[in-house]
Amino acid sequence: MAGGDEGVKLNQSVIKAITLLRATAADSEANISSLARTVGLPRATALRLIKTLEQEGFVLRPPG
């Protein structure tokens, strides 16, 4: 972030989604349960975020 932004509150949902994106990039074969464990989120939360990211085109599900 640019200097002077230290006091700005960040959106936790966006941070969680970005963390999941990074985990997915690190292990493209991971399933929802393992991604949730890796990032420390409940499985239901991880699933909801992944489905949203998938719908918006940020995550692609491999065929099969």
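**View 1. The salt bridge between arginine 61 and glutamate 54.** Arginine 61 and glutamate 54 form a salt bridge, with their closest N and O atoms 2.9 Å apart; the term stands for a side-chain nitrogen of Lys or Arg within 4 Å of a carboxyl oxygen of Asp or Glu. A search of the whole structure finds one salt bridge. Arginine 61 is exposed, with a relative accessible area of 58%, whereas glutamate 54, at 25%, counts as partly exposed (buried means under 20% relative accessible area, exposed over 50%, partly exposed in between, with a 1.4 Å probe and protein chains only). This is a predicted model, in which local features need pLDDT of at least 70 and side-chain atom pairs count only at pLDDT 80 or more, while totals for chains, interfaces and linings use all residues. Residues are numbered from 1 along each chain as its sequence is written, and side-chain values use heavy atoms, with hydrogens and water left out.

**View 2. The two sides of helix α2.** Helix α2 covers residues 32–39, and its buried residues are Ile32, Leu35, Ala36 and Val39 (helices are DSSP runs of H or I with at least four residues, numbered from the N terminus). Seen down the axis of α2, these buried residues fall within an arc of 100°, so they line one face of the helix; the arc is that of the directions from the helix axis to the C-beta atoms. They pack against α1 and α3 (43–55), contact meaning heavy atoms within 4.5 Å, while Arg37 and Thr38 are exposed on the other side of α2.

**View 3. Just after helix α2.** Glycine 40, which comes just after α2, takes a positive phi of about 75°.
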